Structures are given as structure tokens and as C-alpha cells.
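Hi,

Here is the structure I said I would pass on.

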Amino acid sequence: MSAGTGALLEDASPLRSAGFRWLMLYRICTLLSYQVVAVAVGWHIYVLTRDPLALGLVGLAEVVPYFCIAPFSGYLVDHLPRRKLGSAACALLALNAGVLALAASGMLALHGTWPIYLAVAVGGIGRSFLGPVYNALFARVLRREQFARGASLGSVVFQGGLVLGPALGGVLVGARGAGAAFATGTVLALLAASALLLMPVTEPPRPQQRGPIFASIAEGVRFVAGNQVLLGAMALDMFSVLLGGAVSMLPAFIKDILHAGPEALGVLRAAPALGSIAIALWLTHHPLQRHAGRVLLLAVAGFGLCTIAFALSRQLWLSTVLLVLYGMCDGISVVLRSTIMQLVTPDDMRGRVSSINGIFISSSNELGAFYDGVMARLLGLVPAIIVGGCVTLVVVATTARLAPRLRRLDLRELQ
């Protein structure tokens, strides 16, 4: 490699941007806060109820308010100061975790599990702003030619939060109780708000005249619906994780199948993210360009196969390895979908398109948790996970047939 080429690659590194570094701090803190609280809530709810459906209701309690607010959050991100909106959203996460901390410590008396679900719902409202704020600011702190590397580094940070968050949550719950985990989540959310306020970034000028809010939201929906590559990537992720995910059932799987404790929950919750970090680091130095669509479809198929194998495992070490591979497949999907979205979306629509993407992702995660809980109640825990993995393979085959432009995608065509 020549000296000139090395200097060019160094200059292209997103980490040279101070704004990008602050954005990554914001992202890791929000993720750690959410994951620590999620582990603590899941364990606490299952200890109280011993019902896998109750775990699914945690996801439903979060996704319903998320769905109600997400279309409007994207509109607001496109029309109002993004850092202030993100800071307010972090404050809601802190409020959610703070209330749960007071309840777990006995300082706030709760009767039944419904107040816990209510606190989770408040967190869902805050989360509806986090993704649109992140994606809109991402495009302001990086140049276009840095987007692919920035998406890979963002995925490393994202998955790092998914590794550290569950592990930290499991350790805190096991050693100090749920109250300590919730209190830690509160502090992390406040740190994320501070990172946004300190971020050096020039926000785009706000439009002098705002169109009708519902017409503006509809414009974003039409943009996504009219782009086969973007819509196909979003739908592939949504349906595969909605129908084939297994992470939401881990508390029940650990207690009833693997017979382990909360520390093991932290390990297994972190394993998929560990795999995603490994693949995202590799993609940072070897960005996918050619045959990106085929790689995406194969990765999601691998995701389904790992899900089936995980359901059949009865050893903690084997389950951990399978979830690492599961995470590697999911990590490829995350990086490619993020890169596609950044490359095809106009700057003045990033908030709305990101909120639509967030609805797809939340559908796959939170509604997937509810779906998994219902299927586990009807079929049993292990058969439900096996069926989900098989359905994922069907989703891949269907997407490959219905979205030929995605199947033939070369990312160089979008740059």
C-alpha cells in the first residue's frame, strides 16, 4: 500500500470526526441503559410469574406506545432540533429506569405487575426518538464516502452495547438485585443525554414552512414503499426476527431447559452481540460491495438455521456458540440494512425514513417477543423456537423471489 493510499484511508476513518465520537458515546450509553433494564425487567417478571407469556407482554407493553409515537417522532426529528429531542428521549429512559429502581428497592410500593409494564411503556415512548435522532445526526457528522465504514463502526458500538449491557445487567441482578440494575440504567441514560448536548455538529436549517404532519409522514411512507431494495431489506429483517427470534425467551429457556441462573442469562443475552461485533469489525476493514444482496439473504438463512440448532441444544456452552453464530448472521444484516438506508435516503427525510425503519425493527423485536410468548404457551418452549427458525427460511425464499433488485444488489450502484 502506498503512503498516499494509507493517508487517504486514515482520512476516511469516521473516528477522525469528533462529532462521530460523541454520537457513538450517545449510542453506547442508550444501549447499555436499555439492555441493563431489559435484563432486570425480564428476570424480575419471570421470577414473579413463572409464565413465558408474561415475558412476551413486556415486549408488547413497549411496542404499543412505540408504534403510536414513532411516525410522529420521525416528523419531529426532520423539523425540530435533533439533539434536544434526543436528550428529552434519554430523559424518558432515565424516568423509566428510575421508577423501576424505586419500586425494586421498596421505596415505591407497587401492587401487581401492571406498574412495571407501565414503566416499560414510558421507556418505549423515549426509544421511538433514539433511532431517528441517531440516523439523522450520523449523516451530519460524516461524509458520504464514510457511510459504509461508519455503519460498520456503528454496528460494532451497537453490538458492544448488546454484549456489555446484558452481561452487566445479569451481574448486577445476581450480585446486588434488580434495584441496582435499574439505578445503573438511570445513570447511563443521563450520560447519553449529556453526550448529545456536548456534540459538535451543525444541524440543517429548519424549514420555514412545515407541511401538514400526516402528509409529511405519508411522504416518508411512499418513499420507502417505492424503493424495492430498502423495503425488501427492512421487510426481510422484520419478518425473520419477528417469527424466528429466540432471545426474548432466554429467561424461560435458562430456567426450564438449561437450569442455570441470572449470570447465565447475561452470558446468553450477550452471545449474539459478540458474534455481531466480530463480523462488524471484519466488515469495517472489508466493506461489502459486490453481491451484497445475496450475502444478505444467505446471512438471514443462517440466522434461521442457528435458531433451530439452539432450540435443540441442552448444553450451555453449545447454546452460547450457536448464539454467537446467530449474532454473526444478524450482524451482516444490520450493517447492510444500515448502509442501504443511509445511501438511499435524502437528508431532509432521514427522520421519517428512520422512524419507519424503527417500526420495522421494533416489530421484529418487541412484537416478536409477544409472538414467541404466545407460541411457547401454545406449542411449548422448544417446539415454538424450532417452528420460528423454519419460518425464517421460508421468509428468505419468499423475499428472494419477490424482491429481485435486492437479490442482485451491488452497493456500488448506490454510491
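Predicted model: local features only at pLDDT ≥ 70, side-chain atom pairs only at ≥ 80, totals over all residues.

Let me start with the helix pairs. Two packed helices are described by the angle between their axes and the distance between the axes, so you get both each time.

H2 (residues 18-49) packs on H7 (residues 178-198) at about 160 degrees, and the axes are 8 Å apart. Anything over 145 degrees counts as roughly antiparallel, and that is therefore the label for H2 and H7. Their crossing is left-handed. On the H2 side, the residues in contact include Trp22, Leu25, Tyr26 and Cys29, while H7 brings, among others, Phe182, Gly185 and Leu188. Sorted by class, this contact has 18 nonpolar residues, three polar ones and no charged ones.

H4 (residues 82-104) and H5 (residues 114-141) make another pair, with an angle of about 155 degrees and 8 Å between the axes. H4 and H5 are therefore roughly antiparallel as well, and they too cross in the left-handed sense. Charged residues do turn up here: the contact of H4 with H5 has four of them, along with 17 nonpolar and four polar residues.

Then there is H11 (residues 262-285) against H13. Here the angle is about 40 degrees and the axes lie 7 Å apart, so this pair is oblique. The crossing of H11 and H13 is right-handed. H11 contributes Ala264, Val267, Leu268 and Ala271, among others, and the H13 residues they meet include Leu316, Ser319, Thr320 and Leu323. Pro272 and Gly275 are also among the H11 residues in this contact, and Gly327 and Asp330 are among those from H13. The class count for H11 with H13 is 16 nonpolar, six polar and one charged.

Now the cavities. How many cavities of 30 Å³ or more are there? The count is five. Which of the elements has the largest share? H13 does, with three residues. By class, the lining of this second largest cavity has seven nonpolar and four polar residues, and no charged ones.

Cheers

How values were computed. Residues numbered from 1 in each chain as written. Heavy atoms only, no water. 1 Å grid on protein atoms, 1.4 Å probe; cavity = no way out; pocket = protein on both sides within 12 Å on 5 of 7 lines; lining within 4 Å. Points joined across faces, edges and corners; volume = space filled by probe spheres on them. Helix = DSSP H or I, 4+ residues; strand = E, 2+ residues; numbered from the N terminus. Nonpolar A, V, L, I, M, F, W, Y, C, P; charged D, E, K, R; others polar. Axes fitted to C-alpha atoms, helices over the stretch in contact; angles between N-to-C directions. Parallel < 35°, antiparallel > 145°, perpendicular 65-115°, else oblique. Left-handed = near helix turned anticlockwise from the far one by under 90°. Contact = heavy atoms within 4.5 Å.
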